[in-house]
Structure formats: structure tokens, C-alpha cells
Amino acid sequence: MSLPTSLSTLELWDETLLTGIPSVDEQHRDIARLGAKMLKETRLPLTSERFGDYFAEFWQLVADHFETEEKLMHTLGLPSEQVDMHTREHSALLERLIQANIHSATVSEWKHVSDIAHELIAIIVDHIIHFDLGLTSATNP
Ligand SMILES: [Fe+2]
Ligand SMILES: [Fe+2]
């Protein structure tokens, strides 16, 4: 039995990923929602124009979110090393997303949007676990 794709996204994006900071959690949810939509595109080839639109939208959500988070970190009075490390990780992650997109253009035409969606979501979830959840303690000392 295979799970519905939306369920596997929900599993990736469960409440353990909540930072407790409403603006951050809301943006994470928007990214997850788009990821869930992309996961359902099991027949849309990565070579299609619509994948380009999906990727552009995903990229913009993530880039805007990083900007919000970076501004927030400055207002939280976190140690500057922590802010710098987190900000550098955001830049590296945007680069990884670009690489995933470039790579998608060269993969087999048998690959679909749902395939890369798994990869994109995993990158974001990993970042939330290792970096964003650290913001929670800063807002609840
Ligand atoms: Fe972050
Ligand atoms: Fe985040």
C-alpha cells in the first residue's frame, strides 16, 4: 500500500517543526503547501515549462522567507556568530536549490516534478531541524 503524497508531506512537516514564532511558522507552512502541490505532480516532466513556474515560485517563497528570518534574528539579539552562521547557511541553501534545478534540466525525461519536490522539501526540513528550531529558545528564554 502506498501513502497518498499529501500524507508523506504532512509527515515531513509535522508539529515538531514548529518554531512557535507565528511569522516563521506561517511561511514554513506556505512552503510546505507548495511542496505538497508539487509532490502531486507525478506526471509533469521536469523538462516542462510548468516545472519552471513551480520552481520559480518555490524559490521566491524560500528567498523571501530567509529575508524575513534574517531580519527577525537581528531583532532577537542573538549572538552575532549564530546569526552569521544561520545566514551563511541560507545562502548555501539557495545555491543548493539552484543546483537541484540545473541538475533537473539534465536528468532523464522520465523524471517528474514530484521527484524533485521530495529533494527540495528534504533540504528545507533539514534546515528547519538544524537551524530554525534554534530560534525558539531565543524567543522563549
Ligand atoms: Fe533559517
Ligand atoms: Fe525557516
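E41 is buried, because 20 other C-beta atoms lie within 10 Å of its own. A residue counts as buried if 20 or more other C-beta atoms lie within 10 Å of its own, as exposed if 12 or fewer do, and as partly exposed in between, with C-beta atoms placed from the backbone. E41 sits in the loop between helix 2 and helix 3. Leaving out residues up to four places away in sequence, E41 touches H112, V113 and S114; two residues are in contact if their C-beta atoms, placed from the backbone, lie within 7 Å. E41 and F51 are 10 residues apart in sequence, and their C-alpha atoms are 9.3 Å apart in space.

This is a predicted model, in which local features need pLDDT of at least 70 and side-chain atom pairs count only at pLDDT 80 or more, while totals for chains, interfaces and linings use all residues. Residues are numbered from 1 along each chain as its sequence is written, and chains are lettered from A and ligands numbered from 1 in the order in which they are written.

**Confidence and overall fold**

The predictor's confidence in each residue is given by pLDDT, from 0 to 100. The chain averages a pLDDT of 86, and 87% of the residues score at least 70. Confidence is lowest in helix 1 (residues 5–12), with a mean of 49, and highest in helix 3, with 95. Over residues 1–8 pLDDT stays under 50, and the model has 5 contacts for them beyond four places in sequence. Where pLDDT is low, the predicted coordinates should not be read in detail.

The chain has 6 helices and 0 strands. Here helices (H or I, at least four residues) and strands (E, at least two) are DSSP runs, numbered from the N terminus. Of the 141 residues in the chain, 22% are buried. Among contacts with a separation of 6 or more, 81% join residues 24 or more positions apart.

The 27 residues of helix 3 should span 39 Å at 1.5 Å a residue, and its end C-alpha atoms are 40 Å apart, which agrees. The expected span is 1.5 Å times one less than the number of residues. The buried residues of helix 3 are F51, Y54, F55, F58, V62, H65 and E69, and they pack against helix 2, helix 4 and helix 5. Just after helix 3, G77 takes a positive phi of about 70°.

F58 belongs to helix 3 and counts as buried because it has 22 C-beta neighbours inside 10 Å. Not counting residues up to four places away in sequence, F58 touches L34 and L120.

Two packed helices are described by the angle between their axes and the distance between the axes. Helix 3 and helix 4 (residues 80–106) pack at about 175°, with their axes 10 Å apart. Helix 3 is therefore roughly antiparallel to helix 4. Axes are lines fitted to C-alpha atoms, for helices over the stretch in contact, and angles run from 0 to 180 degrees between N-to-C directions. Angles under 35 degrees count as roughly parallel, over 145 as roughly antiparallel, 65 to 115 as roughly perpendicular and the rest as oblique. Residues of helix 3 at this meeting include F55, W59 and V62, and those of helix 4 include V83, H86 and H90.

Helix 5 has 20 residues and reaches 26 Å from its first C-alpha to its last, close to the 28 Å expected. Its buried residues include V113, I116, A117, L120 and D132.

The largest nonpolar core has 18 residues, and Y54, V113, A117, L120 and I124 have the most contacts inside it. Helix 2 (22–39), helix 3 (49–75) and helix 5 (113–132) each give two or more residues to this core, and helix 5 gives the most, with 8 residues. Such a core is a set of buried Ala, Val, Leu, Ile, Met, Phe, Trp, Tyr and Cys residues joined through C-beta atoms within 7 Å. Leaving aside neighbours within four places in sequence, A117 is in contact with G35, M38 and L39.

H127 also lies in helix 5. H127 is partly exposed, because 19 other C-beta atoms lie within 10 Å. Its contacts, not counting residues up to four places away in sequence, are E89, L93 and D132.

The table lists C-alpha distances for two pairs.

| Pair | Separation in sequence | C-alpha distance |
|---|---|---|
| H127 and H90 | 37 residues | 8.6 Å |
| F58 and L97 | 39 residues | 9.5 Å |
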